[in-house]
Every structure is written in C-alpha cells, then in structure tokens.
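Subject: Structure for you to look at

Hello,

Here is the structure I promised to send over. Could you open it and read my notes alongside?

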Amino acid sequence: MAFLEVKNLHVEVEDKKILNGLTLSVEKGQVAAIMGPNGSGKSTLAYVLAGKDNYKVTEGDVLLDGESILEMTPDQRAAKGVFLAFQYPVEVPGVATMTFLRTALNAQRKTRGEAELSTPEFMKLVRDTAGHLGISQEMLRRAVNVGFSGGEKKRNEILQMAILQPQLAVLDETDSGLDIDALKIVAEGVNRLRSPDRAMIVITHYQRLLNFIVPDVVHVLARGRVVKSGGKELALELEAKGYAQFQGEAA
Amino acid sequence: MNAGVRAIKTPAEQALSAAYAAARAKLPGKGAIVELREAAFERFDAAGLPHRRVEEWKYTDLRALMRDLYPLAGLPDAAAQARAQNAGKLLAGVDCRRLVFVDGTFVPGLSDLAPEPGLAIGSMANALGKNDPLVTTYVGQTFATDDVAVTLNAALMGDGAVIRVSAGAALKRPINLVFATGSDKPSSAFVRSLVVIEKGAKAIIIESHESGDAQVNAALELVVGDEAHVDYIKVTQARALHVASLLTSVGARAHFNSFAFTSNAQVVRNQSFIRFVGEGTKASIGGVSLLRGKDHVDSTLLIEHAAGHCESREQFKAVLDDESHSVFQGKIVVKQHAQKTDAKMMTRALLLSDDAEADNKPELEIFADDVQCGHGATAGALDPGLKFYLMSRGIHEKEAEALLIQAFIGEAIEEIAHEGIREALMIAALKWLGARS
C-alpha cells in the first residue's frame, strides 16, 4: 500500500459536489504533480487532506500510512506528518513568526511524545533554514505574514515546512503570484526537502513550476476526479494542448 | 418631570438616603464642601439610581443591579489591614510607590511615603477636613457632571488620595493607588481622589482596585497641566459592584495616556469624562476587558474636545466568554471652536461564546467644521481561517485560540509605554486565558 491512499473520495462544500470519486496514491520519495483547470477540485483536495471545516466527505477514505485520517483534527494530522503550504497564507496579527514556529513545532513533538526543542537548538534550526530561503531575522520577528509580500509569504510557508519536516507535504498553487526569481527561491527550497522519507503533492495550474520542481508523476484532475496520469512529459503535453480535451470528456 | 410622580424608592435608594442622613455630620469637610455634598445629595434624591431608561445607563441598569446597599465600611482595624496586605499583587513586580487604602481609608502604615522632590501626598479625608485650598479649588470642578454615580460620590466621599506633582517635576517611580478590601463582611466605600500634575511635570499614576465582597464607588479627578506627560492606568478586579469615574481636564501641548484593564469583574462600570482645554495635546485612551461567567463590564467615555489642534485615539477591546456582557459607550464631542481636531475611536469585542453579549455604542457630536473624526466598532468570533492555519501546523485548538486571543489583547496592551506595567498586565491576561476551560 502506498503512503498516501485517497480512495474514491466524494466531497461536498455547501451542498455542492466538488470531488467525485477521486482515487490517488502517492509513495514516499515521490513528487506527484496534480494539474487541472480551475474548479476541478485541486484546492479542495488540499484542504480535505489538511482537515479544513465545511468540507463534507460523503464517500470514500483517505489513508495515511494505512490509517484513515478523516476523523482527525487538523493538528492531529499535522502531528502525523501532514503539511499544507497554503495558496493564500493568512496574516496572523500579533503573533510573532518565531513564537508561531516554536509553538507549532513543540506542539507536534509533544503530540508525538517527543521532547520539546531547547531554545538554542530551535534558534539554530530556524536561523540555518531561514538563511537558505533569504528570510531575514527582521521578518522572523514580525507577526506571521503581516506586511509580507506575496513572495515572502510563500517563502514563509516553505520555511515552516522545512522546520516541521512533514511526511506528506501538499503545496497548493505555490507558484501563484510569484515572479520568476521568487519562484526559483521557493522551488529550490522545496527541492531541498525532497527525500526518500517524504511524499509530496505539488498542485499547480501551470506547467511552469514543474520546470523547477520536476515531478515523478503527473495526475490530471477534472470534474473532481483523476482523469489521466503519466510521467513528467504529460505536463508538457497539457501546456501545449490545454485542458479542453478533459473538460469536454463525458460532459 | 413632576417631582410628585417619581417611582417608589428601591431598597438601595432608601439605604443610600439613610446612609447619608446617618453619616453627613461625620463626613469630612466644612463650608463649601458641605454645600457640595448637600447639593449632590439633593440631586441624587430627586433622580434616584440610574436605570435603563436613562440613556447613559441603558446597558448597565444600576437600579436593577444594585439590589441593596452594603453598610458603609468603618475604619479598618488591624485584622482588616492584615487581610489587605496582599492587595495590589497584580503589579507586585513593578517598582512603584504604593499608597494603600483599605475599605476606602488611607493607611499610612502600609504606604510608601518616602519624600521625593516635587511630590506632595495627602489623604482626601484630611484635606477635606482642613479645607485644603487644593481640594476646595478642584474637587467637583475638574469635570462638572450630573451623572448620578459622580453625584453620589460627591455626597458620600470619605477618603482617597490627594497628590500634587509640582511644575517641571518628573516622578522617578509610578504611583500606585491600591484600593483593597479588608473587611470580612460586605461593605461599601465611596472614595474620591485628586491628582494634580502641574505644568511640564511627568507622572505615571496607577489606580488598582482588587475588591472582595464590596460595593465601591470611586471617583478620581485628574488635572493634567500644560505640557505635562501623564500616563494613567486603572486595574480593576471586583467581586461585587464597582463604579468608577475618571474626571479629567487636560491642558495644552500635553501628552495624556489612559488605559483600563479589567478582569474577574462581577459588575464594573468605568466611566471616563475627559476634556481637552488647551491646544496641541495628544491623547491615547484605551482599555482591555476580559469577561467570563456572568461578568458585566461597562466602559463609558465622554471625550470633549473643547480646544483645537488636539489628537485623541480611543481603542477599547473586550474578550467575552460564557454568558458575560460588555458595554462600550464612547462619545466624542467636538466644540465649535475646536478646529483641526483629530479624533479616532475604535472598539472591538471578541466573542468566545454564543451566549455572550457585547453592546457597542460609538457617537460623534461635532460642532466644528474642520476636523477629522471617525469611529469603528466590531463584534465577532475568532476568525476560523486563522484558527485553521494555526491548527494545520500542529497547534491544538485551545492553544490556537489562546494565541489568537493573546494577539487580540496584546495589540491594545502594547500601547502602554511603561515596560513593567505592560508586562504585568500581559501576564495577568495570560493567567486569565490560562484559566479558560
């Protein structure tokens, strides 16, 4: 069994059916790209994996390491290794980035029965990781994402991912709103986290991001289910032909 | 109104009249002070306790909330003083000059009376008794109002602090007026303080109330001279009934900051009457109230810009859990000649429970034509998007909520310039949060 198994997942949001029998497996060590037109259910999949409220699973299951996570709260999922890099990271006024990172890391460690990190250990971890991502000490002192540019917010997401070391990382349209330089920094940050111990799902509308984060497999999502899977060349094919071929199908 | 058709007096109103009749001969003061008391009592006798049909008291129906009057507190004996020893704990870590009042009476033995140049400290009962010119000049004059709580205080005022900071003096330490309950039986106290900060002087004045089963009516008249820098902080924790009035007049080119921190409060009304009488002054007026259970906290403001070119910022926040009830009434009045006034008022209530109630009533009354004034009010629950973001990083629900509440409160507390006081209040807020089930 793969590390992540999404089985025949049906999801409704406010009585509207978004996912329609989605089935997907992702192995550890694998980077799976999920591409699809707007409204195909890409972000819904990301939120359902992370455990957001108001997403009603009517059928199917999501297994992580063989265990269903659907009844778990978002923090329990995080402790089990799920991480979602948000498409639109929210601003959290009044909560310093450092405090936020430390609270999150220690909460996860506590849930897993591990010891909390000492202050010097934690500071070193953050400093080293932030350096790679071009995140300054000044940014770390500021409230989470408050006054950050679009690129800074995305880098902050990758910083959190690097600190929390998830087993399943889901990147929701991490490329949206980024110029090419910012995109390169973010992609390098993600590539540094590729590991045989980690499964990654990269959700994107455009092929461009996949030039920098080269996927092992590409799944095409349309109307709430996977309609085609293939290697990285599938992304190029989509770039050339567009999504029309899938949207028309079975309509 | 026809005096003949007033409603039948409530037991509390009757008890207040009886208390005044019994105490009037013993209350400190003579001459003009006696006239002030008599006139005040007559006004109270005619109006009675305010109720929900009195606009300013609509959300805090004192007639209904005050079922009866607790007996007026006597002088604190040794046992009462001993019980009050622990009061003022919230600010124990702050290096302050503490002046302690037990059941409304000044206790020099518990107070720090070390001399300091430019500072004069006395007791209100003493000052009234000897017709101290400072008291006869200012008491009842700083901000004249017909408000019934202020009126009752004028009739029955016993003791309190009289503080004068001379022109140009800068106090080394904050002064903390600690009002504590020492009586082991329910009691009531009417305390009146006068603080005069003269031209160019600098002072931090803290008024702390940590009351047990006591009814407290406190009034503090604060005169801020031209070019003075004054920070006034009020900390209130009250188990029974607490009504406090701040009566302030602020001179020209002054800096005035006021902050009220209220928690563990059964029924509290903090009313501030602030008038800007000189040009070019900057003021920040704020507060944080933390409510749970059936707590009721009312913050009522009357800000009067009577001189032009002043800037005032009002920011009040309340966090409400369970079935608590917060009230914010803020009225900014800009007089006709107070041109170039810049006043902005904001109030926010964070509701943690469906059964909590927050009433926000901001008002602007502007007679000048060249001013910048605005107000805003919000009441709502914690943002579910923020909560999900924190939880998706592994933070437990209660901890995520605590972080967000802390951030909400912190934004207001950060306005306090004095680091020690700021930290002590943040710790008190965290303690309150920590007790959340």
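Gln271(B) has Thr300(B), in strand 12 of chain B, as its bridge partner. Helices and strands here are DSSP runs (H or I of at least four residues for helices, E of at least two for strands), numbered from the N terminus. Strand 12 covers residues 296-305 of chain B, and 10 of its 10 residues are buried, so it is largely enclosed by the rest of the structure. Buried stands for 20 or more other C-beta atoms within 10 Å of a residue's own, exposed for 12 or fewer, and partly exposed for anything in between, with C-beta atoms placed from the backbone.

A word on the source: this is a predicted model, in which local features need pLDDT of at least 70 and side-chain atom pairs count only at pLDDT 80 or more, while totals for chains, interfaces and linings use all residues. Residues are numbered from 1 along each chain as its sequence is written, and chains are lettered from A and ligands numbered from 1 in the order in which they are written.

Back to strand 12 of chain B, which is covered on both faces. His296(B), Asp298(B), Thr300(B), Leu302(B) and Glu304(B) are buried on one side, and Val297(B), Ser299(B), Leu301(B), Ile303(B) and His305(B) on the other. Strand 10 (residues 255-276) of chain B runs parallel to strand 12 and is joined to it by 10 bridges. Strand 14 (residues 325-334) of chain B is also parallel to strand 12, again with 10 bridges, and there Ser326(B) is the bridge partner of Val297(B). For strands to count as paired, DSSP has to find at least two bridges between them.

Chain B as a whole has 10 helices and 17 strands. Its radius of gyration is 21 Å, close to the 22 Å that the globule rule gives for 437 residues, so chain B is as compact as a globular protein of that length. (The radius is taken over C-alpha atoms, and the rule is 2.2 Å times the number of residues to the power 0.38.) Along the principal axes, the C-alpha atoms of chain B fill a box of roughly 70 × 55 × 45 Å. Of its 437 residues, 54% count as buried.

One loop residue of chain B may interest you. Lys89(B) lies between helix 4 (78-83) and strand 1 (97-102), and is partly exposed, with 15 other C-beta atoms within 10 Å. Glu210(B) is 121 residues away from Lys89(B) in sequence, yet their C-alpha atoms are 8.8 Å apart.

Now to chain A, with 10 helices and 12 strands. Its radius of gyration is 18 Å, close to the 18 Å from the globule rule for 251 residues, so chain A too is as compact as a globular protein of its length. Buried residues make up 43% of the 251.

Chain A has an open sheet of four strands in the order 2-1-4-5, with antiparallel pairing. Strand 2 (16-26) and strand 5 (67-68) are at the edges with a single partner strand each, so one side of each has no neighbour in the sheet. Helix 1 (residues 42-50) of chain A packs on this sheet, touching strands 1, 2 and 4, and its direction makes about 70° with that of strand 4. Such angles run from 0 to 180 degrees between N-to-C directions, with axes fitted to C-alpha atoms, for helices over the stretch in contact.

Another open sheet in chain A has six strands in the order 6-9-10-3-11-12, with mixed pairing. The twist averages 20° from one strand to the next.

Finally, how do the chains meet? The contact takes 21 residues from chain A and 18 from chain B, where contact means C-beta atoms, placed from the backbone, within 7 Å. On the chain B side, helix 9 (397-413) and helix 8 (384-391) each supply at least two residues, and helix 9 gives the most, with seven.

Happy reading!

Note on methods. Two residues are in contact if their C-beta atoms, placed from the backbone, lie within 7 Å.
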